[in-house]
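Hi,

Here is the structure I promised to pass on to you. Have a look at it first, and then read my notes below.

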Amino acid sequence: MVNLRSALVLGIAQICHLGAVQATVSPQRMVHDLQALLSAGSEVMLASNASYAQDFTSRFSESHSPSFVVGAKPKKVSDIQKVVRYASQNNVPFLATGGGHGYTWSLGQLQNAIQIDLGNFQTVEIDTAANTMTVGGAVRIGNVTHDLVAVGKEFRMYGTASDNLLSAEVVTGTGELLNVSATSHPDLWYGLRGAGFNYGIATRLKYRIHPATNKGKVTVINAMFPAALNGSVWEACNSYVGHQPKELSILFAIRFNETLGGISPVGAFIYFGPKEEALKVVKPFLDLKPLYVEVHESNYAEFSSVALYQDVADIGSRKAIDFAPFTLNLYKVDVKNIVNVINYMNSSLTRNNDLKGATLSWAQYPLDGFLRYPVQSSAFAYRDVIVYFSIDGFTPEIAKLPLLDDFGKGLRSLLQLGSGRPDLETYVHFGHGDEGPRSWYSAAKLPRLSALKRVYDPHNLFRWYNPVPTIGH
Ligand SMILES: Cc1cc2nc3c(=O)[nH]c(=O)nc-3n(C[C@H](O)[C@H](O)[C@H](O)COP(=O)(O)OP(=O)(O)OC[C@H]3O[C@@H](n4cnc5c(N)ncnc54)[C@H](O)[C@@H]3O)c2cc1C
C-alpha cells in the first residue's frame, strides 16, 4: 500500500530521477570529450553517423528499445571506467551492451543515451587442466560452445551460468574496477550472480567448466502435433515432473498452423545421450503419434541449429523485430488451464488475422542443475520452475503491436491462474518490464539487493533493465 510517507519518498525520487537525466552536454560535445579521453583503438561517434549502424551491435528488438545519441566502443577496461565517470559527472544516461538480446520494455525509458558497446571484450580463454574458462564481458554462449566441445568440456547441466562463476572483474557505478569473488567483496558477489547488470559492467568473467556429458553428443527429436492433441501433449509433459532425466530438455513452440487450420504444438526433445536411449526417454510423446518426427544426432555446439525444425537458430539471429514478450514461471503443469488457454488462443487467432504472429513457447528444463545450489546462495531468484512459459507477440507492423500487447497480457493472466503460485513470478531476463521487482527478484531478496545498490551504484546509473530499486521493498 502507498502511504503518505512512501508517496513523498516516491515523489522526491521521481523529481531526482527526472533531474538526473538532464544531460549537461550536447551529443557533439560528448563525442569530442570522449574521443579525447579514450585510448587509441576506441571508437566514439554520433549515433546519427553512417558508420554507427555497421560498427555498433544492433538490437534484436525494436519495440520499446533504448535510444542512443552517441556510441562509444571502449578498447580497454580503463576506457569503460572513463565513460562511466564522464557520463555520471555530466548526467548522461548510458547502457553497456553485449549481444543486444535484452528485450524488456523497461529499456524504452532510456532515451538520448550513450551506448557503451562492449564489442572489444570478446576474448575466450579455456584452461582444460584447471577446468576454467575466462571470457570478456560481451562473449555470448554461442561464441564459446565450439571451443568447449573441441576440448571435451561443457558449460551446462551443473547449475546456471551464474552458479558456475568463479570471479568477475566489474566496473561499478562509482567507476571503480573491482575483482569480485566469494572472498573479495562477498556482498556484491551475492548480487552479481543473478542481478549483476544492476551494479556495474562486467569486463571479464571466470567460470568453472565440466567434462562434456556424453562426450558432447546430443540427440534432437523434433515432432509436430495436431491441435487435437492439445491436452495429451501436456499430460505427457506432466508425466516428467519430478523425474525428468537430467539429460532431457523439453521445448515446445505453439502457434497457428495455416495448413492444419489451428494451433499446433511443435516439440523439440533435446537429449544429451545416444539416439536409442533418447527415443526410449521421449516415448510418452512418440506414443501420441505426432505428425512428423525428425531425429538428429548433433553435438553440444550445434544442436540449436536443428531444434524445432531450425526455428531456434532462426529466431536468435534476427534483428530489429517488433514484438510484445510476456513470460511467467509455471510451478506445475495444470493441464486443464493450459488446454483452456490454447483453445482461447485458437479461437482468437482464427477470428483475428492480426494476432497470427502470437507464439507460445514452453521450456521444461531438468531441475537437477538448478537444485545443486540453495536459493539463498545468490540473487538468482527461482530454482524450482517447472516450465518457463513465454507468450511472444511478433508482428511485421508496428501498428499491430498494442493489439498483441493486450493479447499477451490477457494470456499471461489466464496462465497465472494455473501457475502454482499466487503472484506473478518471472525470470528477470525474460520479463516484459511491467511485472515489478518482486516478480523479477522475489520479495525475500529485495532488501539485500537494494542495500547493495546503495553501495555499488549510489547514483543509480544502472537502472534501465528490470531494475532493483534503490529503496528496499
Ligand atoms: C531470442 C532470444 C532468446 C533468449 N533465450 C534465452 C535463454 O535461453 N536463456 C537466458 O538466460 N536468456 C535468454 N534470452 C535473454 C537474454 O539472454 C538476456 O536478455 C541477456 O541479458 C541478453 O544479453 P545481451 O548482452 O545480448 O543483451 P543486451 O541487450 O546487450 O544487454 C541486456 C542488459 O544486460 C546488460 N549487460 C550486457 N552486458 C553486460 C556486461 N558485460 N556487464 C554488465 N551488464 C551487461 C546491459 O546493460 C543491459 O542492461 C533470450 C533473448 C532472446 C532475444
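UniProt, in an unreviewed entry, places the feature "domain: FAD-binding PCMH-type" at residues 62–261. Please keep in mind that this is a predicted model.

How many residues of domain 1 are in contact with domain 2? The count is 23 residues of domain 1, which touch 21 residues of domain 2. The size of an interface is often given as the accessible area lost when the parts come together. Here, about 1800 Å² is buried between domain 1 and domain 2, and carbon and sulfur atoms give 62% of that area. Three residues to look up are Arg156, Met157 and Asp163: they supply 29% of the area that domain 1 buries against domain 2, more than any other three residues.

The rule finds one salt bridge across the interface of domain 1 and domain 2. The side chains of Asp163 and Arg383 meet in a salt bridge, with 2.7 Å from N to O. Nine residue pairs are in polar contact between the two domains.

Which elements give two or more residues to the side of domain 1 that touches domain 2? They are α5 (141–150), β7 (153–154) and α6 (186–195). The most comes from α6, with five residues. Sorted by class, this side of domain 1 has nine nonpolar, eight polar and six charged residues.

Leu367, in the loop between β17 (358–364) and β18 (387–395), touches Arg383, Asp384, Val385 and Ile386, leaving aside residues up to four places away in sequence. For one of these, Val385, the separation from Leu367 is 18 residues in sequence and 7.8 Å in space, C-alpha to C-alpha.

Happy exploring, and write back with any questions!

Best wishes

Methods:
Residues numbered from 1 in each chain as written. Predicted model: local features only at pLDDT ≥ 70, side-chain atom pairs only at ≥ 80, totals over all residues. Heavy atoms only, no water. UniProt positions renumbered as here; feature names shortened; annotations may be inferred. Contact = heavy atoms within 4.5 Å. Buried area = accessible area lost by both parts, 1.4 Å probe. Salt bridge = Lys/Arg side-chain N within 4 Å of Asp/Glu carboxyl O. Polar contact = N/O pair within 3.5 Å; in protein donor to acceptor, adjacent residues only side chain to side chain. Helix = DSSP H or I, 4+ residues; strand = E, 2+ residues; numbered from the N terminus. Nonpolar A, V, L, I, M, F, W, Y, C, P; charged D, E, K, R; others polar.
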